[in-house]
Amino acid sequence: MLRDALGQLDLASVPMASVTGRLIGVSGLLLESVGCPLETGQRCLIETARGEWLDAQAVGFRREVSYLMPFKKPVGLMTGARVKPAPDAGGLMIGPSWLGRIVNGLGEPLDEMGRLGGDMPLAAHPPRINPLKKRAVDTPLDVGVRAINAMLTLGRGQRVGLFAGSGVGKSVLLGMMTRHTEAEVVVVGLIGERGREVREFVEHALGAQGLAKAVLVVAPADESPLMRLKATELCHTIAAHFRDQGQNVLLLVDSLTRYAMAQREVALALGEPPATRGYPPSVFGMLPALAESAGNGEGSTGSMSAIYTVLAEGDDQQDPVVDTARAILDGHIVLTRELAERGHYPAIDIAASVSRCMGQVVPREVKLSAQALKAMWARYQEVRALLPLGAYVAGADRDTDRALSLLPAIEGLLRQDADTGASLADSWQQLQEIVA
């Protein structure tokens with residue numbers, strides 16, 4: 001009502017005029033508008049030729065021109081189209097009903113199972129935690145993979161990278177860890193990968209039982225770079241929410257490289273100069289900020305363990321994203337093409353891999369046993385090329401002889417069928433029996 005009970009005009013109820021801008025340029029995914037001041041990061045709407053509204057976000061500005069980037073493919077845009085700020089929808093609400101659901105980077109359901117409900121507001125961005133208040137990593141995490149449990153033991157709250165080129169079993173190993181890791185909630189971010197993999201991951205890697213305790217955030221390769229960025233940040237925010245509710249959370253992001261590539265697309269479109277191999281400096285600032293939002297929180301309960309896959313293009317372990325991830329994460333697991341070609345699965349190179357938290361979560365005897373087995377594996381690798389030629393003579397080196405005699409047992413520890421799991425206790429016991 002525009003008038004109150006006394007018939008007086010109620011000015012507070014009169015609709016105010018809204019500022020509307022105009023679209024003046026389109027260059028690829030980058031849109032230019034004038035006449036409507038927008039904050040960086042603010043959502044806005046752009047009118048299409050059909051009278052529909054396209055959702056976009058302000059990503060930069062220069063003088064009076066605002067630079068926008070759409071969340072979805074821009075179709076039907078025209079010069080002079082209206083641009084206006086998006087109405088405040090109040091943010092997303094989250095709760096246990098999110099478990100078992102599949103959403104996009106904006107939190108919109110993709111599984112056709114109805115609207116998402118919740119009783120608590122979800123933060124707009126991944127949280128920042130005071131480093132002095134972060135709970136220490138002091139409890140081992142059972143991931144169900146014998147080579148990792150025994151040689152590269154992880155801890156609850158640890159962040160680790162899974163480094164691999166294409167076609168060496170990265171997705172299979174990720175699925176194994178998804179099925180067998182002890183976690184109350186699993187949050188999976190499928191970022192920039194093939195759309196075909198989404199359904200396969202749900203049906204084969206998770207299964208009905210795994211999906212019941214999981215939340216999937218999906219942004220395939222055909223999505224806009226802005227949507228890929230949003231999806232990566234959203235899965236961190238969801239995982240942090242459940243962690244702060246006192247639950248043990250496993251966060252899987254496949255892949256961190258696609259997140260870096262999405263930011264590269266946005267930054268280059270805005271005119272940021274490329275630095276290392278085409279990656280602008282902003283990429284190397286966003287990666288640490290994202291990784292630091294994972295891990296344990298300030299509370300005494302709840303944990304958030306994170307596993308990031310990192311694509312080593314051409315098996316290059318000095319790729320800038322690989323090198324940055326190695327520096328900012330709490331460990332890395334390297335998969336090599338050489339082992340995969342020999343039929344050694346999972347193709348984990350234990351010599352090139354490291355868990356920086358292993359010493360904090362395993363007994364001393366387990367740590368010493370792992371070091372001894374790694375030394376024997378290195379001895380074997382030194383003479384492996386000589387064995388078919390008969391160039392190595394038994395008795396030439398006592399340590400090498402012992403490594404060769406224990407080789408079947410060592411490979412039995414490091415190899416594992418994708419459908420079977422191995423507990424932490426059994427992995428430690430098998431490790432100690434080999435080096436005893």
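Which residue is the bridge partner of Val-186 in β14? In this predicted model, whose residues are numbered from 1 along each chain as its sequence is written, local features need pLDDT of at least 70 and side-chain atom pairs count only at pLDDT 80 or more, while totals for chains, interfaces and linings use all residues. Side-chain values use heavy atoms, with hydrogens and water left out. The partner of Val-186 in β14 is Ala-214, and this bridge belongs to the pairing of strand β13 (residues 185-191) with strand β14 (residues 214-219), which run in the parallel sense over 6 bridges. Strands here (E, at least two residues) and helices (H or I, at least four residues) are DSSP runs numbered from the N terminus, and two strands are taken to pair if DSSP finds at least two bridges between them.

Strands β13 and β14 are part of an open sheet of 8 strands, arranged in the order β8-β14-β13-β15-β16-β12-β17-β18 with mixed pairing. The edges of this sheet are formed by β8 (101-103) and β18 (354-355), each of which pairs on one side only.

The protein chain is divided into domain 1 (15-85), domain 2 (93-361) and domain 3 (366-435), with bounds that come from an automatic or database domain assignment. The centres of domain 1 and domain 2, taken over C-alpha atoms, are separated by 32 Å. Contact, defined as heavy atoms within 4.5 Å, involves 13 residues of domain 1 and 11 residues of domain 2. The two domains bury about 1000 Å² between them, 72% of it on carbon and sulfur atoms; buried area is the accessible area (1.4 Å probe) that two parts lose on being put together, summed over both. In domain 1, the residues that lose the most area to domain 2 are Met-69, Phe-71 and Lys-72, which together account for 49% of what that side buries.

Lys-72 also takes part in a salt bridge, its side chain meeting that of Glu-108 at 3.7 Å, N to O, where a salt bridge is a side-chain nitrogen of Lys or Arg within 4 Å of a carboxyl oxygen of Asp or Glu. Across the interface of domain 1 and domain 2, the rule finds 1 salt bridge. On the side of domain 1 that touches domain 2, the elements giving two or more residues are β4 (53-62) and β5 (65-70), and β4 gives the most, with 5 residues. Arg-63, in the loop between β4 and β5, has a phi near 55°, a positive value in a residue other than glycine.

Over the whole structure, the search finds 19 salt bridges. In one of them, Asp-111 is joined to Arg-101, with the closest N and O atoms 2.8 Å apart. Asp-111 lies in the loop between β8 and β9 (120-121) and Arg-101 in strand β8, so the pair ties together parts that are 10 residues apart in sequence.

Two cis peptide bonds may also be described. The bond from Asp-254 to Ser-255 is cis, with omega near 10°, and Ser-255 lies in the loop between β15 (248-254) and α5 (256-269). The bond from Tyr-345 to Pro-346 is likewise cis, with omega near -5°, and Pro-346 is placed in the loop between α8 (337-341) and β18.
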